[in-house]
Amino acid sequence: MDEDSTELSISIVFYPRCSRLQFLAVPLQFKDEFLENTYMQTKKGQLLSTLRRGFTTGIITTVIKEIFDFQEVAEDFSYCCDTKEVCSCSYMSLKLMFPLLLVLGRFSPWERLRFALLEKTVLALSCLAYFIILLRHRPTFAAMLSREPMELWPYLLRDQNQEFNGEFTNDASVVITIAVFAILPIRASRSFSMVLLLPVISAGLKATTGSSLQVAMKFMFVMCQAFVGFLGCAASETYQRRQHVHLKQVAADLAQERVLRCAAEFAFEVQKDPESKEKQIGDKPESTVDSKVMFHLSHVDSSGHIVCQKLASMAELGKMEYWLVESRHLDIFPQHVLGSGAFGTVVIGQLHSTPVAVKLCHEPNRFVSDLSSLSNELQVLRHVRHPNVVSFLGACIDAEAKEIALIEELVSGVDLLRYMESQQSPSARWQLMLGTCRALQYLHE
């Protein structure tokens, strides 16, 4: 067993576990519960997107097909209305069931279902669609009712009813097999049931018109198709799980590197003067009083020149302390909002072509409250260095336009609520609360 296989066996549960049957190994789940939850959330998003595109494509394809077969559809509908024969009406209802199924599927609230239930529902609908497609074949439908096709549809030419040569059902089985095992992002452990269901449905319908040998051959043919598709699905899922583990490991390494960097910066700040707490998180001694007055804007009239003067002084201080960012180096995308609070809005930006988080005022002209809040935050963040606090990268100040933009590290991942809902491990919750408390303690000191 090579190194990659050993690494996979450590993080993923396979069945069977025998190394000799490795080519048949099916990934069941991650051993780590958090990894499994995040993987299922990713798969659910992919499945929802695939369903929307698939149902839309199916509706368009069905409409185009019915337009080309308009004459046949019109004759079926007219004959059904004239004779009101039960079998003909049943077949007409069967033909209408498939497009109705596509429309209902397109506008159903699939996102409300849990991923496991969503997979089972999609597989059940796939079996139903497979059954409907095969049963729409006129000779098969007539044989199930022990009738001849010309008895049910005498207005059709005889050569149109001698089309049961196996090509129709073969094509349908291939399409459904490709959809279930190659297109739909369903876990291999769930799609295994289709390896038995699809052959049973095909063989059951074949039994209405074929001999026992033909039924057995049909069963084996569809089963081989489904089994090969299942092996491909298992191999694809193994690769996706490998990539998922790799991406999570890269993210963890980057987060650990950031923590170590912040810890080193924090230790360096503390070692400057261990006896002076003011120098750890405050201003330099010679500019402490001036900077406090400079950043205090809560009682300043936003229409006067005092705001511009104080913003210009902040910019000069930023140049001295090396946190001022020139506007030409910063690109802001207001349409990509990350969050909004009482005093500002956080959007995505780019600093030297690197994604960052940028905090802006709600309204540039409403400066009495918003600018005061941002200036107070800037006064504190410019000297904050702690592993559990988002890194402050700088600020962009435009004194003439009276605007401030705080630039901070862009942290990727789920929000806190979704993380707490998906995380069942008590140790992970404890580590999260511990890190938050450490950051709050540092800021309050």
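I take contact to mean heavy atoms within 4.5 Å, and helices to be DSSP runs of H or I with at least four residues, numbered from the N terminus. The model is predicted, so I note that local features need pLDDT of at least 70 and side-chain atom pairs count only at pLDDT 80 or more, while totals for chains, interfaces and linings use all residues. Residues are numbered from 1 along each chain as its sequence is written, and side-chain values use heavy atoms, with hydrogens and water left out.

**Entry: α3 and α4.** I looked up where these helices touch and found Glu72, Val73, Asp76, Phe77, Tyr79 and Cys80 of α3 meeting Ser88, Cys89, Tyr91, Met92 and Lys95 of α4. The residues of this contact comprise seven nonpolar, one polar and three charged (nonpolar being Ala, Val, Leu, Ile, Met, Phe, Trp, Tyr, Cys and Pro, charged Asp, Glu, Lys and Arg, and polar the others, Gly among them).

**Entry: α4 and α5.** I then turned to the contact that Tyr91, Leu94, Met97, Phe98 and Leu101 of α4 make with Leu125, Leu128, Ala129, Ile132, Ile133 and Leu135 of α5. By class I have eleven nonpolar residues there, with no polar and no charged ones.

**Entry: cysteines.** I searched for disulfides, meaning pairs of cysteine sulfur atoms within 2.5 Å, and the structure holds zero. I recorded Cys233 as buried because its relative accessibility is 6%, whereas Cys224, at 45%, counts as partly exposed (buried is under 20% relative accessible area, exposed over 50% and partly exposed in between, with a 1.4 Å probe and protein chains only).

Methods:
Helix = DSSP H or I, 4+ residues; strand = E, 2+ residues; numbered from the N terminus.
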